[in-house]
Amino acid sequence: MAAHSHSYYPTCLLLDLDDTLYQVEEIPDIVRRNIQGYMRTKLNISEDQIAPLCLEYYTKYGTTLAGLVANGYSIDFNDWHAEVHGTLPYSRLLKRDERMREFLQSIPLPKYIFTNADQKHADTCLDLMGVADLFQGIICFESLMETGRKLGVVKDNKPVICKPTQQAMELALEAAGAEAATTVFCDDSTRNVSGGHAAGMFSVLVGRTSKDCDCDLQVPSLFALKEDMPGLWAVPPSTKHLEGTRGAEADDDDVLYVPPVARGQGVMSGRTAESAADCRRREVKVAAG
Ligand SMILES: [Mg+2]
């Protein structure tokens, strides 16, 4: 069997929105209260059941909404999103973020928001932050469900497709026209990051550390990627990667690009991490049968 090898640069960046692209403590608190209020007033769920159900559904299904739908609640999704996110005092909570804008602009990759929230929430957040034009697309509740309907996976609005399921990961990659092996996925949820890792993406936990996260890297914020993952800024010899389809192959066809990692801690399993000093393409021989 002859050894055969390929070279890849990262080709796509999938970024979660809430608590990843921005951190505003008040927002998850308000969203949680809005979800509980919806369950109380519109679904008539008893007060003592609300908090346990939220936890159970979030843990088991990815989102409370997904759990409610899976357990037989009939929910008007537009109404849900209007209550849960639509009532947020956005203009008070989110401001233009020049630092984030410059940071995103500096990364020579197609970028997609990958969120379980609705399109309007994502649009509003990105507009207020002043970064909307820097993303090639938004993969969100509506787009995941619409793709699911087209593929026949979703019928009568069931199931709700959301992170961290493998189905959501696959649909997101398809929407971005990207391959898992050359895609970098950043999220603040340990479960979502573990899901991305399982799907084959280079997965980064943002804003926290965890020993229970199956990921490739953990960083305190996206800005830390500049130091911890300089491979994101590596420019391949051709610009094919900017078309958002497939990674440009490196010139010698003998290396598999693995984004280098500076901090030893935080790499829980999976692909091999490298030190910043060792920031270079790592040779990995791939046997082809
Ligand atoms: Mg998040």
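## Model and confidence

The structure is a predicted model, in which local features need pLDDT of at least 70, side-chain atom pairs count only at pLDDT 80 or more, and totals for chains, interfaces and linings use all residues. Residues are numbered from 1 along each chain as its sequence is written.

The predictor's confidence in each residue, pLDDT, runs from 0 to 100. Its mean over the chain is 83, and 79% of the residues reach 70 or more. Over residues 1–7 the value stays under 50, and it also stays under 50 over residues 243–289. Where pLDDT is low, the predicted coordinates should not be read in detail.

## Overall composition

The chain holds eleven helices and eight strands. These elements are DSSP runs numbered from the N terminus: helices are H or I runs of at least four residues, and strands are E runs of at least two.

Of the 289 residues in the chain, 40% are buried. A residue is buried if 20 or more other C-beta atoms lie within 10 Å of its own, exposed if 12 or fewer do, and partly exposed in between, with C-beta atoms placed from the backbone. Two residues are in contact if their C-beta atoms, placed from the backbone, lie within 7 Å. Among contacts with a separation of 6 or more, 65% join residues 24 or more positions apart.

Six strands form an open sheet with parallel pairing, in the order 4-3-2-5-6-7. Strand 4 and strand 7 (217–219) are the edge strands, each pairing on one side only. Two strands pair if DSSP finds at least two bridges between them. From one strand to the next, the twist averages 25 degrees. Angles run from 0 to 180 degrees between N-to-C directions, and axes are lines fitted to C-alpha atoms, for helices over the stretch in contact.

Strand 5 (residues 183–187) is joined to strand 2 (residues 12–15) by four bridges, and four bridges also join strand 5 to strand 6 (residues 202–206). Leu 14 has Phe 185 as its bridge partner, while Leu 15 is partnered with Cys 186. Phe 185 also stands opposite Ser 203 in strand 6. Five of the five residues of strand 5 are buried, so this strand is largely enclosed by the rest of the structure. Thr 183, Phe 185 and Asp 187 lie on one side, and Val 184 and Cys 186 on the other. In a regular strand the side chains alternate between the two faces of the sheet.

After helix 8 comes Gly 152, whose phi is positive, near 80 degrees.

## The nonpolar core

A nonpolar core is a set of buried Ala, Val, Leu, Ile, Met, Phe, Trp, Tyr and Cys residues joined through C-beta atoms within 7 Å. The largest one has 62 residues, and those touching the most other members include Leu 14, Leu 144 and Ala 172. Helix 9 gives the largest share of this core, seven residues. Domain 1 (3–22 + 108–287) and domain 2 (25–93) both contribute residues, so the core lies between them. These bounds come from an automatic or database domain assignment.

Not counting residues up to four places away in sequence, Ala 172 touches Leu 14, Phe 114 and Ile 139.
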